[in-house]
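I opened this notebook to keep track of what I looked up, one entry at a time. The entries below follow the order in which I went through the model.

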Amino acid sequence: MTRIPTTPLLLGLAGLIPFIWGAITSIRPDLASLSSIILPPRLNGPVLMQVYGLTILSFMAGVIWGFAARTDGRKATLFYALSVLPPIWGFLTASGPTEPALYALIAGFVVLLPIDWSAARNGAAPSWWMNLRLLLTAVVVICLIVGALAA
């Protein structure tokens with residue numbers, strides 16, 4: 001197992017904060033007022049995870065585009081093509097009502113894993129990439145499930 005470098009690990013963990021806060025305020029909506037200084041009132045609980053999840057799903061598409069840039073030929077073409085799918089998926093499935101949107105985001109994040117695994121296997125992703133992705137995806141999916149059940 002390859003050790004995740006400190007910077008991507010810390011930034012990846014920091015990126016979980018909105019998902020975790022969304023899950024917490026899904027269970028305890030009374031805590032939402034604690035974030036009212038930095039977030040609009042409606043951006044708590046499941047809605048926070050929906051909006052942030054769409055953002056991160058699109059961000060992950062950019063990561064796949066970066067993997068494509070590290071390859072060439074058919075591999076590059078495949079990764080470029082795959083990189084446009086997450087934002088299209090999110091736009092078509094996760095921009096509507098919150099509960100089904102959270103389930104669509106769960107599917108989107110899970111489907112990214114084999115793409116990431118392929119990039120790692122083909123040398124387009126760093127050796128530690130899948131360790132980070134599995135950790136982050138597990139937390140994201142758990143938070144999204146909490147939000148979907150509360151929505």
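Entry 1, a helix pair. I looked up how helices H1 and H7 cross, and the crossing turned out to be right-handed. The model I am reading is a predicted one, and in it H1 covers residues 6-14 while H7 covers residues 129-150. I noted an angle of about 15° between the two packed helices, with their axes 10 Å apart. Since angles under 35 degrees count as roughly parallel, I wrote down that H1 and H7 are therefore roughly parallel to each other.

Entry 2, salt bridges. How many salt bridges does the structure hold? I found 2 of them, and I took them in turn.

In one, Arg 133 pairs with Asp 116, and the closest N and O atoms are 2.4 Å apart. This pair links distant parts of the chain, because Arg 133 sits in helix H7 and Asp 116 in helix H6 (residues 98-121), 17 residues apart.

Which residues form the nonpolar patch on the surface? I listed Trp 65, Tyr 80, Val 84, Leu 85, Ile 88, Phe 91 and Leu 92, which together have about 730 Å² of accessible area. When I checked where they come from, I saw that helix H5 (residues 85-93) gives the largest share, 4 residues.

Phe 91 lies in helix H5, and because exposed means over 50% relative accessible area, its value of 61% makes Phe 91 exposed. Val 84, by contrast, belongs to the loop between helix H4 (73-83) and H5, and I noted Val 84 as partly exposed, with a relative accessible area of 38%.

Last, I looked up how far Val 84 is from Trp 117, a residue 33 residues apart from Val 84 along the chain, and I found their C-alpha atoms separated by 17 Å.

How values were computed
Residues are numbered from 1 along each chain as its sequence is written. This is a predicted model: local features need pLDDT of at least 70, side-chain atom pairs count only at pLDDT 80 or more; totals for chains, interfaces and linings use all residues. Side-chain values use heavy atoms; hydrogens and water are left out. Patches are made of residues with over 30% relative accessible area and no salt bridge: like charges are joined within 9 Å, nonpolar side chains (Val, Leu, Ile, Met, Phe, Trp, Tyr) within 5 Å. Accessible areas come from the Shrake-Rupley method with a 1.4 Å probe; for residues, only the protein chains shown count as cover. A salt bridge is a side-chain nitrogen of Lys or Arg within 4 Å of a carboxyl oxygen of Asp or Glu. Buried means under 20% relative accessible area, exposed over 50%, partly exposed in between (1.4 Å probe, protein chains only). Axes are lines fitted to C-alpha atoms, for helices over the stretch in contact, and angles run from 0 to 180 degrees between N-to-C directions. Angles under 35 degrees count as roughly parallel, over 145 as roughly antiparallel, 65 to 115 as roughly perpendicular and the rest as oblique. A crossing is left-handed if the near helix is turned anticlockwise from the far one by less than a right angle, and right-handed if clockwise.
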